Structures are given as C-alpha cells and as structure tokens.
Amino acid sequence: MRKLFTTVTIQEEEGAQESFSLDYYLLEKEVCVEDVRVNRFGVEIYKKAKRSDGTPYAEYRKIFDVFHTEAEALEVLSMMARNSVTPISMKDVLEDLLGIVEFVDEGLLMEAV
C-alpha cells in the first residue's frame, strides 16, 4: 500500500535553480516474521521539477520495511516534510535518525519524465 502523506512545494527564489514539489508517502506491506504475518512500514519521497530548459524530471527514493508501527513512520514523514528532505538526502536522514547504515529493501530513480 502506498498512501500520500503530504506535498511540499518549494518556490523558486532569486538565485535559486528551480521550483519543485516533494510528495511524501507512507508505504505499508505485510511480511511474515516467524510464521506470523505483520505489517511493516516504510517511506517514499517523490520529487517533481523542471530543468532550466523546461524539461520535466522526477526523482524518487523508497525505503521499505523500516518501521514497526504506522505512528513511527508518520512521525518521521512529518519531520522530513517540515525540513523539505529530498530523495537524495532521505537515506542519510534515516541513517542518522535510526542508526541503520544499510536498508534491505530500497528503490531509487532519477529520470526525465
């Protein structure tokens, strides 16, 4: 399951490169732990922007199976949205917050749309 938590729009200011939006998603999946099915939670950030030549592009990073509860995941999503964390910096932020240096189930994409 993938559910939009919030969207943050960063407006171009004088001297800034671009305006862009950041969508923050809650990810949920069912996993089997010692023959017991449990829900685990992750986070995704999806960045939408346009290059200086007007070409649209997107970046996203998903990290699954990080949190035991939805409340934990939502608290981290809220903090990331308040601080406009981007897909590129998301992994570093989670490493600092959680003390985890490698995430088992991760996806990263940067592409022209």
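The questions and answers below go through a predicted model of one chain.

The model is predicted, so local features need pLDDT of at least 70 and side-chain atom pairs count only at pLDDT 80 or more, while totals for chains, interfaces and linings use all residues. Residues are numbered from 1 along each chain as its sequence is written, and side-chain values use heavy atoms, with hydrogens and water left out.

Colleague: Which pattern does the chain follow along the sequence?
Modeller: Helices (H or I, at least four residues) and strands (E, at least two) are DSSP runs, numbered from the N terminus. The chain has two helices and five strands. Read along the sequence, the pattern is β-β-β-β-α-α-β.

Colleague: Which element of the chain has the lowest mean pLDDT?
Modeller: pLDDT is the predictor's confidence in each residue, from 0 to 100. The chain has a mean of 87, and 87% of its residues reach 70 or more. Among the elements, helix 1 has the highest mean, 97, and the lowest, 62, belongs to strand 5 (residues 106-112).

Colleague: At roughly what angle do the axes of helix 1 and helix 2 cross?
Modeller: Axes are lines fitted to C-alpha atoms, for helices over the stretch in contact, and angles run from 0 to 180 degrees between N-to-C directions. The axes of helix 1 (residues 70-82) and helix 2 (residues 87-98) come within 12 Å and cross at roughly 125°.

Colleague: Which residues of helix 2 make the contact with helix 1?
Modeller: Contact means heavy atoms within 4.5 Å. On helix 1 the contact is made by Val-76, Met-79 and Met-80. On helix 2 it is made by Met-90, Val-93, Leu-94 and Leu-97.

Colleague: Is Thr-86 buried or exposed?
Modeller: Thr-86 is in the loop between helix 1 and helix 2. Leaving aside neighbours within four places in sequence, Thr-86 is in contact with Leu-22 and Ile-45. Buried means under 20% relative accessible area, exposed over 50%, and partly exposed in between (1.4 Å probe, protein chains only). At a relative accessible area of 19%, Thr-86 is buried.

Colleague: What is the phi of Asp-35?
Modeller: Most residues other than glycine have a negative phi. Asp-35 lies in the loop between strand 2 (20-33) and strand 3 (36-50), and counts as exposed at 75% relative accessibility. Although Asp-35 is not a glycine, its phi is positive, at about 65°.

Colleague: Where is Asp-65 found?
Modeller: Asp-65 is not a glycine, yet has a positive phi of about 55°. At 32% relative accessibility, Asp-65 counts as partly exposed. Asp-65 is found in strand 4 (residues 56-67).
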